[in-house]
2 protein chains.
Amino acid sequence: MTDPEALDALISGALAGSRREVGRLLSIVENQSEDADTIIARFYPRSGQTHTIGVTGAPGSGKSTLIEKLALAYRSQGQSVAIVAVDPSSPYTGGALLGDRIRMPELAGDANVFMRSMASRGNPGGLAQATADLVTVLDACGFERVLVETVGAGQSDVAVSEVAHTTLLVNMPEMGDQIQMLKAGILESADILLVNKCDLSGAQRTASLLQALLETGPGRSPCGTASDWVKPVLCTCATEGQGIEDLVEVIEAHRHHIREGDRLQEKRRRALISYLRTTILAAVSQAMDDALHLPETDTLLDRLLRLELDPRTAAKQLLPELTARLRK
Amino acid sequence: MTDPEALDALISGALAGSRREVGRLLSIVENQSEDADTIIARFYPRSGQTHTIGVTGAPGSGKSTLIEKLALAYRSQGQSVAIVAVDPSSPYTGGALLGDRIRMPELAGDANVFMRSMASRGNPGGLAQATADLVTVLDACGFERVLVETVGAGQSDVAVSEVAHTTLLVNMPEMGDQIQMLKAGILESADILLVNKCDLSGAQRTASLLQALLETGPGRSPCGTASDWVKPVLCTCATEGQGIEDLVEVIEAHRHHIREGDRLQEKRRRALISYLRTTILAAVSQAMDDALHLPETDTLLDRLLRLELDPRTAAKQLLPELTARLRK
């Protein structure tokens, strides 16, 4: 735990606009230590101004370049931008799927652009929580646009769409069969669909296929959450800057759309419920890990191994021990 | 909840060998209702005799045919066999990836072969728990070999490897690049690697590639769990019955291997810990769902939306409410 005065100094520095202090706070928040509680308690009341844009899609679809061009476009409009890259990890090894951190040379010298790569962690829930906390800090520090990139490995994308106000799904031309294999949840949680690298052949066919999926397939909004936002399919070529202007406009249109009526409140409400759920499950999981080192748990396991007790009854016996630890 | 006498009659019938009663009990257990507690409490003490074989691998690799041939081989040795097919579901729609249930014509008339397809459910944890419970019932009912098939969609495979005593990973020839994309956890959790459809070209190359991955790559056993089981790579052509005899022998060798020393106890211990964890997390998740309908939670969410309270503090305030519900 950081010395409270040092933490206070970091928080004041970050709120005053010091990038160095922002970076140090983000590291603390990312590690989800107790200090993260203090930091979020201080920053959350100052949040709620930024527009968060989730960028998801398969590796190789050109997300980093797209984000760089989007960030440049926002900068030319005078808006400050933060970029968060999220790497999920494989269940066992903890190794990141993408070895290299993104590099964005055109933005490197700009003091109003903040870039951050998140270290990988075991479970997508923990990642979603840490991402939400990072966005809260960046939001409170006054960044007007926060771009969150994920590598398109499934669950973490769906989780990130809960943090983001606008979610982009980046596709490539000629993915053909792969598009049909898109997890339903990813298409459903996207607000804007892109065919990037549209200079390659097959871009138009891919755009048509996506359009068809949106109209007839799993891309339709789920029942009971009828939305009047018609998801657009855009063609971009990020390396050439082609289509970026249109994209910025469409994102802006979506930003206005969700600010009408109760939509933003509903979106925030869903995100908060999801956050509470992952936070609480992470706490229980941690309590479970701790409990496994207790002699009582060893006794319980021995009885299970001797078939004197069944595992469902054992779970019920373990619960009071866990909940007692959670109450501390 | 089923009438206790009716449940008793079902349990007695199943233990006496009635397939119809086994089927009905499995349906109750799969739905994870309160009756599942009663059933598992009655069956778990009678379990521990069966050898459970997990069969995982990409869709189209021929798992169902392989399982059918394995089951026939066990039947010709006079052993009773149960087959459980597990379908994971996409996070949003709840729709199964595989539309059709497996059909195994050669086994359909055999009273000593029991087949079961599990309905899909939302989270891989719940699936792992329900699978473990089903295996417990089948084990107690005297099935000597239980074959568990998963569709190779990632997390559920790793979970199933915890339920199984021996895990097979079924590959196809000429997957080339895909093999290198294999999730590390899946290769690590497999005990025997197969190249099925070995009549197709590229089988030998695929086998060599797998062998190389085992020797140098993520397929090696993780540090601290040093095992002296050398994972074999076998070539099979299930449709022709080719390689099945060898496979049965290798599975038998692995069965003997894990029965030496403390290995089986250690494996069961890990599986029990995993079961306790998923059961408890499922209970907390359910309590969370229930809590979301309480007026107190609404008040909490409203304060969060007004930025009067931050989400980490809110999670701490929600915990006592949840744990109180779990103690009931």
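In this model, 60 residues of chain B meet 60 residues of chain A, where contact means heavy atoms within 4.5 Å. The model is predicted, so local features need pLDDT of at least 70 and side-chain atom pairs pLDDT 80 or more, while totals for chains, interfaces and linings use all residues. Residues are numbered from 1 along each chain as its sequence is written, chains are lettered from A in the order in which they are written, and side-chain values use heavy atoms, without hydrogens and water.

Together the two chains bury about 5700 Å², 68% of it on carbon and sulfur atoms; buried area is the accessible area (1.4 Å probe) lost on putting two parts together, summed over both.

Ten salt bridges cross between chain B and chain A, each a side-chain nitrogen of Lys or Arg within 4 Å of a carboxyl oxygen of Asp or Glu. One of them joins Asp133(A) to Arg312(B).

Now let us visit Glu149(A), which is buried yet has no salt bridge. Buried means under 20% relative accessible area (1.4 Å probe, protein chains only). The nearest side chain of opposite charge belongs to Lys63(A); Lys and Arg count as positive, Asp and Glu as negative, and His and the chain ends are not counted. Glu149(A) does make a side-chain polar contact with Ser64(A), that is, a pair of N or O atoms within 3.5 Å, one able to donate a hydrogen and the other to accept it.

Here are the distances side by side:

| Pair | Distance |
|---|---|
| Asp133(A) and Arg312(B), closest N and O atoms | 2.7 Å |
| Glu149(A) and Ser64(A), polar contact | 3.3 Å |
| Glu149(A) and Lys63(A), no salt bridge | 4.6 Å |

Note on methods:
Buried < 20%, exposed > 50% of the residue type's maximum accessible area, 1.4 Å probe, protein only.
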